[in-house]
Every structure is written in C-alpha cells, then in structure tokens.
Amino acid sequence: MSQKAARAVADSTRLVKGADHRDTHRWDLIAGDGTVLGYVEPSYGGTGRTGRNGWNHRLAEYLAVSGPYKTREEAALQCAPGWIRVATAPLRRTLTVD
C-alpha cells in the first residue's frame, strides 16, 4: 500500500466501543471502510484505587502492546502511525521447503 493511501485510511479512523467492551473495556480503532486497524485498552499495574495507569494500544494482527498513554485518545493517535508503518512495509519473501 502506498504512503498516501495508508494515510488516507488512517485519517478516516474513529474510536468506538468494542463488541466486548463490557468485559474487556476495549475500544476499536476503525477505518472509514469498517476495517479494524487496532485496539485501545486499559493498562493495569498502577497503584491507584482501580489499578489502572493509563491506556495501551495494539494493532489488530499483532499481540505486541505499546503504552501506557495518559488518555484513550492519545493511545489511538499513536496506534494509527504504527498501522501506517506496517501497511506500507515492503513484503518479505519467504523460503518454502518442499
């Protein structure tokens, strides 16, 4: 995907409550065409009353988590450039063994 096309997709994103929000408190970062680019979820490990210390983000196809960020919106803003990097990365050739 070209940089221009990836930026257009990332610019059309919105943050909506996930289908399992009640259980996970996760928000989905959704592009204008309905594709889920990533997730924003609470970060736990803080010393406050709720145990939260901010928000993490992760891309839809990956398990790696980045964060914590102070706000849900800040985590979402950091998720979009990560998706652009992945979407515009050159394809890797893999060796196949027969």
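**Close-up views of a predicted model**

**View 1. Strands β4 and β5 meet side by side.** Strands β4 and β5 run antiparallel and are joined by 2 bridges (two strands pair if DSSP finds at least two bridges between them). Helices (H or I, at least four residues) and strands (E, at least two) are DSSP runs, numbered from the N terminus. This is a predicted model, in which local features need pLDDT of at least 70, side-chain atom pairs count only at pLDDT 80 or more, and totals for chains, interfaces and linings use all residues. Residues are numbered from 1 along each chain as its sequence is written, and side-chain values use heavy atoms, with hydrogens and water left out. Look for W55, which stands opposite Y69 in β5, and for H57, whose bridge partner in β5 is S66.

**View 2. Strand β4 and its other partner, β3.** On this side, β3 and β4 pair in the antiparallel sense over 7 bridges. Here P42 stands opposite W55 in β4. Strand β4 is largely enclosed by the rest of the structure, because 6 of its 8 residues are buried (buried means under 20% relative accessible area, exposed over 50%, partly exposed in between, with a 1.4 Å probe and protein chains only).

View 3. Follow the open sheet through its 5 strands in the order β1-β2-β3-β4-β5, with antiparallel pairing. At the edges are β1 (14-17) and β5, each of which pairs on one side only. On average, neighbouring strands of this sheet are turned by 30° against each other, direction ignored. Helix α3 packs on the sheet and touches β1, β2 (27-30), β3 (36-44), β4 and β5; contact means heavy atoms within 4.5 Å. The direction of α3 makes about 20° with that of β4 (axes are lines fitted to C-alpha atoms, for helices over the stretch in contact, and angles run from 0 to 180 degrees between N-to-C directions).

View 4. The largest pocket has a volume of about 170 Å³. On a 1 Å grid over the protein atoms alone, a pocket is an open set of points where a 1.4 Å probe fits, with protein on both sides within 12 Å along at least five of seven lines; lining residues have an atom within 4 Å of a point. Grid points are joined across faces, edges and corners, and a volume is the space filled by probe spheres set on the points. Among the lining residues are H57, Y62, S66, Y69 and R85. At least two lining residues come from each of β4 (52-59), β5 (66-69) and α3 (72-87), and α3 gives the largest share, 4 residues.

**View 5. H25 in its loop.** You will find H25 in the loop between α2 (21-24) and β2. Its phi is near 60°, a positive value in a residue other than glycine. With a relative accessible area of 29%, H25 is partly exposed.

**View 6. Stepping back to the protein chain.** The secondary structure comes to 3 helices and 5 strands, in the pattern α-β-α-β-β-β-β-α along the sequence. Along its principal axes, the C-alpha trace spans about 55 × 35 × 20 Å. Of the 98 residues in the protein chain, 33% are buried.
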